[in-house]
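I opened this one to see how the chain is laid out and what sits inside it. My notes follow, in the order I looked things up.

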Amino acid sequence: MPATPASSSEPRGEGGIVFVTVGTTDFDPLLRAADEAAPRLGLPVEFQIGIGAYEPRGGAWVRHVPSLDPYYDRAAVVVAHGGAGTILEVLRRGIPLVSAENPDRPDRHQRDLIGHMAERGRLIWCEDLSRLDDAVKRALAMPRPEPLVTPPPRVHEVVGDFLGAIARREDRRAAARRWRGKRLE
């Protein structure tokens, strides 16, 4: 059943919702697994299904919305593909996240990102969609994680320092050495 897009003014459910999102692409196996697990999760499930063909029956769904913020505001847990944008949005909000790799994406980069974040305890990696309900229940049982804080980028400082060295006719290698080994996130 397609739903009217949520607004942040809607009342927050007692325990929140399980929000399933696949971003702007398709990931029907994840939607199907979440739809089948929905009756066992103990919370309402809402879906953002992108361009996929599968239309869930276990909860309201939308294809695309201008912002996922109203859904995140109501989410007790988010189930998502391994897209970097979605992972960072959810982790910055401190919402428990269950993430599954979409194997149809090129170069399987989602696997690397999900694995990296799972090793650091930032999310639960669901490698077997037949066990998605177990992963969601584990996420719901966890304490709410601290929001991910990313440091401001410093690449512009490196470029500015390097160009300044050139303009001052300094040794460019000395400018490069000043930044060697420093994190430039």
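Entry 1, the elements. I counted seven helices and six strands in the protein chain. Bear in mind that this is a predicted model. Reading from the N terminus, I get the order β-α-β-β-α-β-α-β-α-β-α-α-α.

Of the 185 residues, 42% are buried. The accessible surface is about 10400 Å², and carbon and sulfur atoms account for 54% of that.

Which residues touch the most other members of the largest nonpolar core? I found Val18, Val20, Val98 and Leu132, in a core of 28 residues. At least two core residues come from each of S1 (17–21), H1 (28–37), S2 (45–48), S4 (75–81), S5 (97–100) and H5 (132–141). H1 gives the largest share, with five residues. Another core lies apart from this one; it has 19 residues, including Ile17, Ala80, Val90 and Leu97.

Setting aside neighbours within four places in sequence, I listed its contacts as Leu41, Leu43, Pro44, Val45, Glu46, Val77, Val79 and Val136.

Taking contacts between residues at least 6 apart in sequence, I see 60% joining residues at least 24 apart. The mean positions of the 27 positive and 26 negative charges lie 9 Å apart.

Terms used. Residues numbered from 1 in each chain as written. Predicted model: local features only at pLDDT ≥ 70, side-chain atom pairs only at ≥ 80, totals over all residues. Heavy atoms only, no water. Core = buried A, V, L, I, M, F, W, Y, C linked by side-chain atoms within 4.5 Å. Buried < 20%, exposed > 50% of the residue type's maximum accessible area, 1.4 Å probe, protein only. Helix = DSSP H or I, 4+ residues; strand = E, 2+ residues; numbered from the N terminus. Contact = heavy atoms within 4.5 Å. Areas by Shrake-Rupley, 256 points an atom, 1.4 Å probe, with all protein chains shown as cover. Lys, Arg positive; Asp, Glu negative; His and termini not counted. Charge placed at Lys NZ, Arg CZ, Asp CG, Glu CD.
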